[in-house]
Amino acid sequence: MKFCMRCMTQYDDSYTICPDCGFEEGTLPDDSRCIEPGYILGDRYIVGMPLSVDGWMIKYIGFDFLTERRVTIYEYFPTRYCTRPIGDVKINVVKQRAYERYLGILNERARLLSELHLPDNISAVCETFERNNTAYVITEYHEGTPLSEYIRDKSPISPQTAERLFLPILRSLDGLHDSGCVIGGFSPENFMVVQNKLILTGILDGLFFNITDDANDVKHSECENWYPYERLKEYDSPDIIPANDVYSAAMVMYSILGITLPDASERAAFYRKKHKDLLKKPSAYGIKIDKNKENALQNAAFIDLEDRTPDIETLIKELTSEKEVTLRTKRNKGFPLWAKIAIPVVSVAACAGIVFGVKMLNRPKTTDTLLTGQTVVPEVVNFTLTDATETLKNSNLLMEIEGREIDDSKEAEIITAQSVGKGSVVYENTVIGVTVNAHSSMVTMPNFLGINIDDCTDALENIGMNYTVHEDYSSTVAVNCVMRQSISPYEEVSAGERVELTVSLGRDPNAIIADEQMLTGDHVGQTYEEYLDEADETDTPVEVVGRVCDSSVPEGTIVEQYPSGDTVQDSSEPVQVVVTTAATDIIVPDVTFLTQERIEGMLALYGLAAEFSSEPNDRVAEGLAVSQQPAAGEKAEAGSTVSVKLSEGKGLVEMPDTVGMTRDEAAERLRSLGLSAKYTHESVPDKPKDQIVRQSIAAGDRIKVGSTVLLTVNTKKQTAEIPDIVGLDVKEAETKLREAGLKLRIYTDTDNPLTSGAVFAQSPEPGLREVSGAVVTVILRDPSEVVREEVTEFTISPEKKMLVPGQEFVLSIDASNITDMYALEYDISNEDVLEVTYINKQTLDMTFRAKKNGRAVIKISCGGFEKTCTVTVSGAIKTPGKN
């Protein structure tokens, strides 16, 4: 068998033409810069024919021998800085400085993307590496219809369909931006339509759009009509902002609606000369569209950055808002022409006045010290465990492992996440939780047949296996339970492999099945497969809820069932069973840094028991496993016991009595015990100044090292409650503190140089009381990096729901200070299964309707909080009605 270099399917050696795509063996790329097809890259990837070639990148189809799937291979090849001899693979660099500069930018972008868990509608970046004197980036390959062809064949498309198609992409882009990655612009060529779902495949394609070091060498692309005006200028830097993607999103949506875009250069020139836009509003092209949505699209499509919607989050809110959305340029309406012409001159004069005025005002002062007992959290992500421990120790902080990830592309024992972000101001001896990377190993494939998919995916993630979930109808396997698995149970495999699981959607809605009351029958002693054959006659769903080891009976023998055999129930209700596992040798999985609940669930799938004990541990968080016997990777017989030692966390110390001590004395006493202190003030007339009058933890109580104690300090002065200023512009923050009778100081050091921007962290924290005139120290960030959270915890009800197609239900949301839909966001994981039909703006209750059989997760988020409701749709179609 051999590979086709154009489609990467395999066909018989006797053929010279691919039977799938018609590609003739031996055909070479038209562009001599391309690698000859068939080259093996990195001992892992076959390089095929080029998919596209531009001045910066060559993009090839490829095949990954390890995962046995097609991939897209990006090769860095900036034509102005390098060449490649014909027939060679190594690149010759002719302008080293520029070549290395942009190579570093590509590697950094690709590295960031490879570390992100991208949603399934954005092609994942698998890895990046350097070979042949250049860089390669491997991404997922998707086969479908290019969006440009889809638009050509399907347009015009209704605004409702366009929104359903593109809104999931916008939500994913918003999440991408939150992770610190902005694409910088895109076009329909960067998207594929796969099974009526839009996939962003060209996440790297626009990185170097229109970048040049030669004013006569500006890149003109057939895609430039979709790129923002600011990136069509002559740039020597790839700096990009969220508003770039906003513009491209608007242009793509215009195209989906069937609107032909004006030439980008002509549009920009006309705008500069006439102050008018060649791109009209959608309704002017005969599109029947809601006024709010039309204004939202126009706001996103403005040439001028000052007028344009600033980010994807705002675009989503405007597109989905029921409140009036106004055009952002309306602020200029009503100005007479002379005023508009005079604006540049007036602006210069006004700016000059501002500059001189600033010199006469008291600007916020800076400081390089924090309050006694406080420190700034350093960055430890990508540090080794040893280096992270030392770095945090140098900042008077404690470290604790609170979880693990499994990623073979990173070094083992590298920190992948930290619980408190870099730049946060905390008290000394605060515990910083970290997540540690581990490598995969050989594992025994569990028997997932009949098990709920949630338990299966949890186990796979714990052992580091990749998985794909498919769906199919079954009248005998209960909804959300596994029908088939691509790797046989108990087969020994590498944890990095991918297993495909097929999950039951329940009964086929097109099948004619009558629900009836029936006797469940006693099935104890039958095998699971025998029961399925019998259940097929009555269309009774079966779910496996447990496995026990018993070598005296065949594998999968039912030893318990719920309900019992003499129970009468509806034939659509599942029967739950516990089945046996054969006494086979199992590779013991690695359970370190997992919780007891997750360990028990994972071992139970193998028929292994768990025995737990505990001990204090300074490095591992309470409740996580620190060791196991047998060790991970050793063999154990099913039915045997794995002894697991859980961490009790850091040791306990006795809380001292600090009442009567001075503030400094109390701070030193607590610090020596590994505790931290925060302070509030009040006036107690008969007590000395600066004396501790109250402590939040009683003397003599046993508390964990790293705990924070609130101490109340006596003062003879008036006190003021510290307001919450995080997220405010520094000038707003200073005003708010001044109104409270407090002062502001900006903390600066090498890692925190900003003296203007938004407040990222404050010290002391809001809600405490300080002496009037006291200083509140802040750390600043660029406003785009700061999120102001003002939402308290909220609840939703229900958290799980079973429906039939056509049925509706109301999701109740209870939050004390969510006042409108701008604060509340929702997402439906599968919009083919579920849709929202009504939102009550007063109560925030949401009504959802089931569309077809399947499973969907509703995610409600507000501020820093998130809740989910899992909805399973199964059964025959029902006339819509509230439930």
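Helices (H or I, at least four residues) and strands (E, at least two) are taken here as DSSP runs, numbered from the N terminus. On that basis, the protein has 14 helices and 52 strands. The structure is a predicted model, in which local features need pLDDT of at least 70 and side-chain atom pairs count only at pLDDT 80 or more, while totals for chains, interfaces and linings use all residues. Residues are numbered from 1 along each chain as its sequence is written, and side-chain values use heavy atoms, with hydrogens and water left out.

A look at confidence comes first. The average pLDDT (the predictor's confidence in each residue, from 0 to 100) is 83, and 88% of the residues score at least 70. Residues 330-362 stay under 50, and the model gives them eight contacts (heavy atoms within 4.5 Å) beyond four places in sequence. The pLDDT is also below 50 over residues 877-883, a stretch with 18 contacts beyond near neighbours in sequence. Where pLDDT is low, the predicted coordinates should not be read in detail.

Of the 883 residues, 47% count as buried, where buried means under 20% relative accessible area, exposed over 50% and partly exposed in between (1.4 Å probe, protein chains only). Among contacts between residues at least 6 apart in sequence, 67% join residues at least 24 apart.

Just after H12, Gly-607 adopts a positive phi of about 75°.

The axes of H10 and H12 come within 10 Å and cross at roughly 100°, so H10 is roughly perpendicular to H12 (65 to 115 degrees). Axes are lines fitted to C-alpha atoms, for helices over the stretch in contact, and angles run from 0 to 180 degrees between N-to-C directions. H10 contributes Asp-455, Asp-458, Ala-459, Asn-462 and Ile-463 to the contact, and H12 contributes Arg-598, Met-602 and Leu-605.

Towards the end of this account comes Thr-870, in strand S52 (residues 865-873). Thr-870 is buried, with a relative accessible area of 19%. Leaving aside neighbours within four places in sequence, Thr-870 is in contact with Glu-799, Lys-800, Lys-801, Arg-855, Ala-856 and Val-857. The C-alpha atoms of Thr-870 and Pro-798 are separated by 8.9 Å, although these residues are 72 apart along the chain.

Conventions:
Parallel < 35°, antiparallel > 145°, perpendicular 65-115°, else oblique.
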